[in-house]
Amino acid sequence: MLNRHSGSVHHASLLALHAAQMRSAGTASEEKLFRALRARQLGVRFRRQVVIAGMIVDFLAPEAKLAIEVDGKCHARRRSADARRDEKLRRLGYRVLRIEAEVVMRDLEGAVASVREALAR
């Protein structure tokens, strides 16, 4: 029999497994942006597909408390759910930057400039 605690541990384990799968099978836009963010190219370390408070964020710069979400076309239908996620992250002390996947693909320099600007705040 699962108690409430073991159920939450199981859920956390499943989220961690899902995040690991997402890291190995990222979208083209996530892969492209990560190449520009990795290895402290912007002065901070970014991690991919990080579990925070029962959610998976695309990129996280823990020392800057900055979460980045790369939004594909499906996010147009998820605006209210995304707003709730963003608010939850803000309550935990994170700033959230959303970048459209299309912007990453056609204007990587502009997407990276948005990240730089968010880091400077």
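Predicted model: local features only at pLDDT ≥ 70, side-chain atom pairs only at ≥ 80, totals over all residues.
1. Overall make-up. The protein chain holds 5 helices and 4 strands. Read from the N terminus, their order is α-α-β-β-β-α-β-α-α. Of the 121 residues in the chain, 37% are buried. Counting contacts between residues at least 6 apart in sequence, 56% join residues at least 24 apart.

2. How H2 and H5 pack. On the H2 side the contact is made by Lys32, Leu33, Ala36 and Leu37, and on the H5 side by Leu108, Val112 and Val115. By type, these contact residues are 6 nonpolar, no polar and 1 charged.

3. The largest nonpolar core. In soluble globular proteins, nonpolar side chains tend to be buried together. Here the largest nonpolar core has 22 residues, and the members that touch the most others are Leu33, Phe46, Ile68 and Val115. Two or more residues each come from H2, strand S2 (55–61), strand S3 (66–71), strand S4 (95–100), helix H4 (101–106) and H5. H5 gives the largest share, 5 residues. Two of the names in this point, Leu33 and Val115, also belong to the contact between H2 and H5.

4. What does Phe46 touch, once its neighbours within four places in sequence are left aside? Phe46 is in contact with Phe34, Leu37, Phe59, Leu60, Ala61, Ile68, Val115 and Leu119.

5. Glu30. This residue lies in helix H2. Is Glu30 buried or exposed? The cut-off for buried is under 20% relative accessible area, and Glu30, at 8% relative accessibility, therefore counts as buried. Not counting residues up to four places away in sequence, Glu30 touches Gln49, Asp58, Phe59 and Val70. One of these, Phe59, is also in contact with Phe46. Glu30 and Asp71 are 41 residues apart in sequence, while their C-alpha atoms are 9.4 Å apart in space.

Notes:
Residues numbered from 1 in each chain as written. Heavy atoms only, no water. Contact = heavy atoms within 4.5 Å. Nonpolar A, V, L, I, M, F, W, Y, C, P; charged D, E, K, R; others polar. Core = buried A, V, L, I, M, F, W, Y, C linked by side-chain atoms within 4.5 Å. Buried < 20%, exposed > 50% of the residue type's maximum accessible area, 1.4 Å probe, protein only.
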